[in-house]
Amino acid sequence: QKKIILDCDPGHDDAIAILLALGHPDIDLLAITTVVGNQTLEKVTRNAQAIIELVGARHIPIAAGCSRPLVRSIQNAAEVHGISGLDGTHLPEPTHPLDPRHAVDLIIETLKSHPPKTITLVPIGGLTNIALAVRKAPEIVELVKEVVLMGGGYHKGNRSAVAEFNIAIDPEAAHIVFNECWPLTMVGLDLTHQAKPTDQIMTDIANINSPISQFVVDSLSYYTAGYRKRNGTDDHAPVHDPCAVAYVIDSSLITTQKVPVDIELQGGLTTGMTVADFRHPPAEDCHTQVAVTLDNQRLWTMVIDSIRELSH
Ligand code: BDR
Ligand code: CA
């Protein structure tokens with residue numbers, strides 16, 4: 001089993017990532033930490049608790065983290081995820097209390113209480129918590145197995161022409177995280193735009209016919225309806241966040257390319273851009289790679305199997 005800490009801001013696609021991590025036999029989800037992003041910290045934390053309640057996985061610690069980015073003012077994605085962060089869904093009231101620690105402390109303490117290089121950090125929101133953790137305890141760089149994050153993109157953005165939401169909302173935090181020498185895989189928009197369900201996949205999820213599958217159908221239906229409206233398309237919406245978890249489960253699902261990546265902080269038009277330098281073969285010590293191609297059918301098979309597993 002692969003041990004992970006999932007740092008998230010649920011969020012419709014975060015919710016699917018949580019279910020994949022909980023339901024897949026190869027993942028040992030040590031903790032969920034939350035960060036301001038798709039909605040306020042309070043809302044995304046409550047959403048994480050409610051998902052855990054729905055699944056009945058009360059043994060998973062959930063800790064709330066940063067309520068605002070390092071430098072910039074708060075931006076959310078209400079136009080994508082709604083006022084609650086999970087509009088269109090019905091979740092039970094959370095009954096399980098939060099872990100009393102700040103997410104940053106939970107991350108540091110969890111890494112220190114396990115053997116070195118056994119835990120993968122999987123950030124699927126803004127990088128504020130991870131940046132603060134590594135500033136507070138720089139020794140965690142050596143303890144982390146790898147960082148596999150959803151964010152960025154090497155040829156286009158979604159928040160701006162060149163910046164993806166998770167990087168754009170806290171570029172300073174992203175700058176810190178991308179410049180630490182841990183192995184880092186950027187699962188960016190180039191990859192996640194291949195992660196679209198089909199009508200058949202939606203039917204297969206609905207046919208599981210459990211409260212959890214109903215939640216997923218409601219969630220993806222709301223998320224896709226908004227995407228179609230905003231983009232004037234009848235295509236399914238890309239479901240970004242589970243791709244990072246899927247890569248940890250089985251890296252053969254995704255091809256990657258080693259390339260140095262840095263974050264633009266000074267740009268007039270390009271702040272938050274993940275600048276990948278493809279000019280030369282990567283140096284020996286290059287510690288970053290980007291996700292390139294996805295086996296979409298296998299991704300959804302994994303997601304469906306996990307939902308089925310949790311529905312028992
Ligand atoms: C990312 O932005 C958020 O809205 C999603 O949850 C995902 O993590 C995609 O750009
Ligand atoms: Ca997210």
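In this predicted model, the number of salt bridges comes to 16, a salt bridge being counted where a side-chain nitrogen of Lys or Arg lies within 4 Å of a carboxyl oxygen of Asp or Glu. Side chains of opposite charge can pair when their charged atoms come close. One of these pairs is formed by Asp 28 and Lys 3, whose closest N and O atoms are 3.9 Å apart. Because Asp 28 lies in strand S2 and Lys 3 in strand S1, which covers residues 2-8, the pair ties together parts that are 25 residues apart in sequence. Asp 28 is partly exposed, with a relative accessibility of 24%, and Lys 3 is likewise described as partly exposed, with a relative accessible area of 26%.

Asp 277 and Arg 279 also meet through their side chains in a salt bridge, where the distance from N to O is 2.6 Å. Here Asp 277 counts as partly exposed at 25% relative accessibility, whereas Arg 279, at 65%, counts as exposed, since the word exposed is kept for residues over 50%. A further salt bridge joins the side chains of Arg 298 and Asp 295, with 3.8 Å from N to O. Arg 298 has a relative accessibility of 33% and so counts as partly exposed, and Asp 295, with a relative accessible area of 30%, is partly exposed too. Salt bridges can also be linked with one another, and a network of this kind connects Asp 99, Arg 101 and Glu 109.

From these charged pairs we can turn to the ligand. Which residues surround ligand 1? Those around ligand 1 are Asp 13, Asp 14, Asn 38, His 81, Ile 124, Met 150, Asn 158, Glu 164, Phe 165, Asn 166, His 240 and Asp 241. A polar side-chain atom of Asp 13 lies 2.6 Å from an oxygen atom of ligand 1, while an N or O atom in the side chain of Asp 14 is 3.0 Å from an oxygen atom of ligand 1. For Glu 164, the distance between a polar side-chain atom and an oxygen atom of ligand 1 is 2.4 Å. Taken alone, ligand 1 exposes 280 Å², and the protein buries 96% of that area.

The side chain of His 240 is joined to that of Thr 192 by a polar contact of 2.7 Å.

Is helix H12, residues 242-249, largely enclosed or largely open? Eight of the eight residues of H12 are buried, so the helix is largely enclosed by the rest of the structure. The buried residues of H12 are Pro 242, Cys 243, Ala 244, Val 245, Ala 246, Tyr 247, Val 248 and Ile 249. His 24 itself is found in the loop between helix H1, residues 12-23, and strand S2, residues 27-34, and at 13% relative accessibility His 24 counts as buried.

Another loop, between strand S3 (62-64) and helix H3 (78-81), holds Leu 70, and Pro 69 has its place in the loop between S3 and H3 as well. Pro 69 counts as buried, with a relative accessibility of 6%, whereas Leu 70 is partly exposed, with a relative accessible area of 33%. Apart from its neighbours within four places in sequence, Pro 69 is in contact with Val 36, Ile 74, Thr 128, Ile 169 and Asp 170. Although Pro 69 and Gly 126 are 57 residues apart in sequence, their C-alpha atoms are 8.0 Å apart in space. Leu 70, for its part, forms a nonpolar patch on the surface with Val 71 and Leu 132, and together these residues have about 220 Å² of accessible area.

Terms used:
Residues are numbered from 1 along each chain as its sequence is written. Chains are lettered from A and ligands numbered from 1 in the order in which they are written. This is a predicted model: local features need pLDDT of at least 70, side-chain atom pairs count only at pLDDT 80 or more; totals for chains, interfaces and linings use all residues. Side-chain values use heavy atoms; hydrogens and water are left out. Patches are made of residues with over 30% relative accessible area and no salt bridge: like charges are joined within 9 Å, nonpolar side chains (Val, Leu, Ile, Met, Phe, Trp, Tyr) within 5 Å. Accessible areas come from the Shrake-Rupley method with a 1.4 Å probe; for residues, only the protein chains shown count as cover. Helices (H or I, at least four residues) and strands (E, at least two) are DSSP runs, numbered from the N terminus. Buried means under 20% relative accessible area, exposed over 50%, partly exposed in between (1.4 Å probe, protein chains only). Contact means heavy atoms within 4.5 Å. A residue is near a molecule or strand if one of its heavy atoms lies within 4 Å of it. A polar contact is a pair of N or O atoms within 3.5 Å; within protein, one must be able to donate a hydrogen and the other to accept it, and residues adjacent in sequence count only if both atoms are side-chain atoms.
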